[in-house]
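Please examine the sequence and the coordinates before reading on.

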Amino acid sequence: MTRSVRRTRRNRRTLQVAGGGAAVLLALSGCSSSDDSSSTANSSSSASASAKISGAVTVFAAASLQESFTTLKSEFEKEYPGTKVTFSFGGSDTLAASITSGAPADVFAAASTTTMQTVTDKKDAVGTPSVFVRNQLEIATLPGNPDKVSSLKDLTSSKLKVVLCAKTVPCGAAAQKALTASKLKLTPVSYESDVKSALTKVELKEADAAVVYKTDVHAAGDKVDGVDFPESADAINEYPIALLKDAPNPAAAKAFIALVKSAEGQKVLTAAGFLKP
């Protein structure tokens, strides 16, 4: 074999190796470009999804959710700049009646499945409402519990001024359930339209005690004392939440519901004294 032929073959092998290396570099470059494009696309998609969530969101919610939902409002508006959450807090039965009468709202969070049923029966909710927390009753007394209330039976004393939520309100219905199960009869000095109104009577010393939720006693701080009673375990309320059929802002409504049900939302709610669903 001549020197010329050997040189030619070496040159061909060199070109083949060089060509293969170039192909690898091109392939890697292509992958990098593809990854960058994919990353950019995902980032753009995420930004686009976030950008779609804007505008006002109206939430009708049980009075006992006031503190927790107000905290979540701040987190929601921070996560979705350009949104504004407006609440209407009150007795779940009153809120349900407003919704079925055509009041404009995006989300309904009730303090019982019974009051939510009022809305679903009228087909004013989208899909099946989901339970996101539960709540248990507690007796709220004056600070220091001067009347030495230690049980539900103690509230039947004629010496005490006791207030309850109206029987149509979830906290009132739960209290009646606990009283019936205990075979106790209690005559309150007043029935209040929602749990916050009942608690306020004790805070203002217009009543000696009230049957409210643990979460409300927790929110009141040192304005009241809380007394547990075993019968409350048989009268725990489940809280459902739903997107409403004629929601003016369904995209933002779904995002708010997602926050409530998320790990972050659940952390806020359990810190307020709510029980997990």
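Which residues in α5 are buried? In α5, these are Pro170, Cys171, Gly172, Ala174, Ala175, Ala178 and Leu179, where buried means under 20% relative accessible area, exposed means over 50%, and partly exposed lies in between (1.4 Å probe, protein chains only).

## Basis of the model

The model is predicted: local features need pLDDT of at least 70, side-chain atom pairs count only at pLDDT 80 or more, and totals for chains, interfaces and linings use all residues. Residues are numbered from 1 along each chain as its sequence is written, and side-chain values use heavy atoms, with hydrogens and water left out.

## Overall composition

The protein contains nine helices and 10 strands; helices (H or I, at least four residues) and strands (E, at least two) are DSSP runs numbered from the N terminus. Of its 277 residues, 41% count as buried.

The accessible surface of the protein amounts to about 14400 Å², and carbon and sulfur atoms contribute 53% of it; such areas come from the Shrake-Rupley method with a 1.4 Å probe, and for residues only the protein chains shown count as cover. Among contacts (heavy atoms within 4.5 Å) with a separation of 6 or more, 77% link residues 24 or more positions apart.

## The five-stranded sheet

An open sheet is built from five strands in the order β7-β6-β8-β5-β9, with mixed pairing. Its edge strands are β7 (190-192) and β9 (225-227), each of which pairs on one side only. Neighbouring strands of this sheet are turned by 35° against each other on average, direction ignored. Two strands pair if DSSP finds at least two bridges between them.

Strands of a sheet pair through backbone hydrogen bonds, either parallel or antiparallel. Strands β5 (residues 137-141) and β8 (residues 209-213) run antiparallel and are joined by five bridges. Within this pairing, isoleucine 139 has valine 211 in β8 as its bridge partner.

## Helices across the sheet

Helix α5 (residues 170-181) lies across β5, β6 (162-165), β7 and β8, at about 115° to β6. Helix α6 (residues 195-203) also lies across β5, β6, β7 and β8, and runs at about 145° to β8. Axes are lines fitted to C-alpha atoms, for helices over the stretch in contact, and angles run from 0 to 180 degrees between N-to-C directions.

The 12 residues of α5 reach 16 Å from the first C-alpha to the last, close to the 16 Å expected at 1.5 Å a residue; the expected span is 1.5 Å times one less than the number of residues. Lysine 183, which follows α5, has a positive phi near 60°.

## The disulfide

The structure holds one disulfide, a term used for a pair of cysteine sulfur atoms within 2.5 Å. Cysteine 165 and cysteine 171 form this link, with their sulfur atoms 1.9 Å apart. The angle about the S-S bond is -115°, and the link is left-handed. Both cysteine 165 and cysteine 171 are buried.

## Positive phi in loop lysines

Lysine 123, in the loop between α4 (113-121) and β4 (125-135), has a positive phi of about 60° although it is not a glycine. Lysine 123 counts as exposed because its relative accessibility is 62%.

Lysine 148 is placed in the loop between β5 and β6. Its phi is near 55°, a positive value in a residue other than glycine. At 63% relative accessibility, lysine 148 counts as exposed.
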